[in-house]
Amino acid sequence: MTATLRAEGWPINRKRVQRLMRLMGIAALGPKPNTSKPAPSHKVFPYLLHDLSIERAGPC
């Protein structure tokens, strides 16, 4: 936003644009993190310990 306004001849800095956008209730739209969705091509590995009873910690 700042770069566009400066290119049009407005002497403005990032902080002023930030303050004005906050006053007007304008927010930037961008990609959000999508960490919960697995990629379809990734292999799902089996859980190999489901039949074992874990009674103590292993050697450290």
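Student: In which helix is the place of threonine 2?

Tutor: Threonine 2 has its place in helix H1, which covers residues 2-7; helices here are DSSP runs of H or I with at least four residues, strands are runs of E with at least two, and both are numbered from the N terminus. This is a predicted model, in which local features need pLDDT of at least 70 and side-chain atom pairs count only at pLDDT 80 or more, whereas totals for chains, interfaces and linings use all residues. Residues are numbered from 1 along each chain as its sequence is written, and side-chain values use heavy atoms, with hydrogens and water left out.

Student: Is threonine 2 buried or exposed?

Tutor: Buried means under 20% relative accessible area, exposed means over 50%, and partly exposed is what lies in between, with a 1.4 Å probe and protein chains only. Threonine 2 counts as buried because its relative accessible area is 16%.

Student: Which residues is threonine 2 in contact with, leaving aside its neighbours within four places in sequence?

Tutor: Contact means heavy atoms within 4.5 Å, and with those neighbours set aside threonine 2 is in contact with Ile12, Asn13, Arg14 and Val17.

Student: Which residues does leucine 5 touch, not counting those up to four places away in sequence?

Tutor: Leucine 5, which also lies in helix H1, touches Trp10, Ile12 and Val17 on that count. The C-alpha atoms of leucine 5 and valine 17 are 9.3 Å apart in space, although twelve residues separate the two in sequence. Leucine 5 is classed as partly exposed because its relative accessibility is 22%.

Student: How should I read methionine 1, and where is its place?

Tutor: Methionine 1 is placed in the segment before H1, and it counts as exposed because its relative accessibility is 57%. Even so, methionine 1 touches Val17 and Met21, when residues up to four places away in sequence are not counted. Its C-alpha atom is separated by 34 Å from that of proline 38, which is 37 residues away along the chain.

Student: And what is the case for leucine 49?

Tutor: Leucine 49 is found in the segment after helix H2, which runs over 14-24, and it is called partly exposed because its relative accessible area is 39%.

Student: How many helices and strands does the protein have, and what is its radius of gyration?

Tutor: The protein has two helices and zero strands. Its radius of gyration, taken over C-alpha atoms, is 26 Å, whereas a compact globule of 60 residues would be near 10 Å; the globule rule is 2.2 Å times the number of residues to the power 0.38. The C-alpha trace spans about 70 × 30 × 25 Å along its principal axes, and buried residues make up 7% of the 60 residues.
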